[in-house]
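Dear colleague,

Please find below the structure that I am handing over to you. My notes on it follow directly after.

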Amino acid sequence: MSPAIYLVKGREKSLRRKHPWVFSRGISKVEGEPELGETVDVFTNDGQWLAKAAYSPHSQIRARVWSFDKQAIDKTFFVKRIQDANLLRQDIIERDGLTGYRLIAAESDGLPGITIDKYQNFLVCQLLSAGADYNRQTLVEALREVFPECSIYERSDVAVRKKEGLEQTTGVLFGDEPPKSVVIEENGIKISVDIVGGHKTGFYLDQRDSRQQSMKYVKDKEVLNCFSYTGGFGLYALKGGAKRVINADVSQPALDTAKANAELNGFDISKKRGVFLNADVFKLLREYRDQGTKFDVVIMDPPKFADNKSQLIGACRGYKDINMLAMQILNPGGTLLTYSCSGLMDQVLFQKVIADAAVDANRQVKFVERFEQAADHPTDTAYPEGFYLKGFACKVL
Ligand code: SAH
């Protein structure tokens with residue numbers, strides 16, 4: 001018999017709605033001695049069977065549900081989830097001509113703690129939870145069955161693993177070591193991805209739809225692309241006919257790749273049409289403001305500012321500050337494209353922060369368009385937390 005957990009009376013409500021988390025305070029009894037990440041049966045207080053879940057003794061999220069059906073959590077289970085996820089994305093892959101996309105978006109694809117990005121023939125996995133880690137080998141076998149042509153690489157070098165009682169780890173799980181550059185394509189743009197050394201799994205696939213939508217604002221414009229990473233928005237701006245694009249980031253390797261990406265696509269970056277600036281955006285924006293340097297379009301795509309609730313107020317201040325500065329360096333009628341990937345900052349709160357920034361910048365600001373994470377990062381109706389990336393196009397008068 002597999003180990004089991006019993007919930008506190010009434011704590012089954014969220015699971016009945018198919019939300020996949022069981023919090024430590026929701027558990028009344030643990031039966032057997034489940035190992036870190038082992039599969040357990042979940043029961044209501046009075047013994048009704050609810051789900052199969054992965055046990056995580058060190059985390060506040062004490063169990064994550066694999067399945068609400070009575071089935072074994074084995075290779076067959078993983079194969080089915082992977083096939084479902086891949087099928088779900090087929091129309092997007094074709095529509096946008098993708099050779100790089102998010103294959104598995106963790107809870108949103110019914111595989112808690114597992115993120116997998118596909119770059120050409122490389123599958124790059126992040127295993128973020130105890131259950132994901134425990135099933136590593138089975139997952140690899142399932143991936144090999146669905147994608148026999150692919151090599152599999154792990155990038156579990158993420159701090160959240162600590163909460164689950166896991167060490168960080170990276171390396172080849174199957175097949176070849178990824179080369180320094182794997183070139184993917186999205187919307188007709190080529191992008192070089194460094195799977196081993198890049199951020200996260202190598203690239204920010206989640207901003208693809210926003211990058212595409214940004215193109216309509218840039219023709220003949222002076223564009224400042226803040227937090228550019230390997231070019232992302234900047235490449236779309238060059239394709240969209242921007243007069244000039246300044247990409248700013250603190251990572252020199254990212255900027256080098258950004259430049260290489262512009263060249264790879266044959267974009268004209270001569271005569272400073274493409275600039276790749278190693279700078280701290282917070283300082284750079286102040287310098288531009290104090291010098292009176294102006295832009296027609298400012299793109300603001302910072303890293304996550306809030307990992308937990310206690311950081312949210314500080315995060316709001318950070319977002320307000322950079323967006324105020326961006327407004328101040330925009331020409332009248334200019335466009336601010338601004339994003340927040342902090343899940344805790346919801347769309348309503350982010351809109352308020354932008355409103356506060358407008359007050360402080362003393363500019364009239366109109367929201368003209370709203371953005372979300374790309375379509376290969378879906379949100380399951382049972383798991384609203386899966387919606388984390390939002391953005392606005394604002395006209396700044
Ligand atoms: N817009 C990008 C993704 C941005 S990720 C895309 O579409 O691909 C965030 C980036 O911010 C990272 O490249 C990181 O190096 C950079 N960064 C973090 N803090 C910074 C700072 N203070 N100034 C400039 N860049 C910073």
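Domain bounds here come from an automatic or database domain assignment. For this protein the assignment gives domain 1 (4–67), domain 2 (75–182) and domain 3 (206–396). Please note that this is a predicted model, in which local features need pLDDT of at least 70 and side-chain atom pairs count only at pLDDT 80 or more, while totals for chains, interfaces and linings use all residues. Residues are numbered from 1 along each chain as its sequence is written, and side-chain values use heavy atoms, with hydrogens and water left out.

Domain 1 and domain 2

The C-alpha centres of domain 1 and domain 2 lie 25 Å apart. Their contact (heavy atoms within 4.5 Å) takes 15 residues from domain 1 and 18 residues from domain 2. Between them the two domains bury about 1200 Å², with 62% of it on carbon and sulfur atoms; buried area is the accessible area (1.4 Å probe) that two parts lose on being put together, summed over both. Of the area that domain 1 buries against domain 2, L36, R64 and W66 supply 52%, more than any other three residues.

Side chains of opposite charge can pair when their charged atoms come close. Between domain 1 and domain 2 the count is 2 salt bridges, a salt bridge being a side-chain nitrogen of Lys or Arg within 4 Å of a carboxyl oxygen of Asp or Glu. The side chains of R64 and E107 meet in a salt bridge at 3.3 Å, N to O.

Strand 5 (49–55) and strand 6 (61–67) are the elements that give two or more residues to the side of domain 1 that touches domain 2; strands (E, at least two residues) are DSSP runs, numbered from the N terminus. Strand 6 provides the largest share of that side, 4 residues.

The ligand

There are 17 residues around the ligand, of which R211, D249, D280, V281 and D301 come nearest; a residue counts as near if one of its heavy atoms lies within 4 Å of the molecule. A polar side-chain atom of D301 lies 2.6 Å from a nitrogen atom of the ligand. For V281, a backbone N or O atom lies 2.9 Å from a ligand nitrogen atom.

With kind regards

Notes: Polar contact = N/O pair within 3.5 Å; in protein donor to acceptor, adjacent residues only side chain to side chain.
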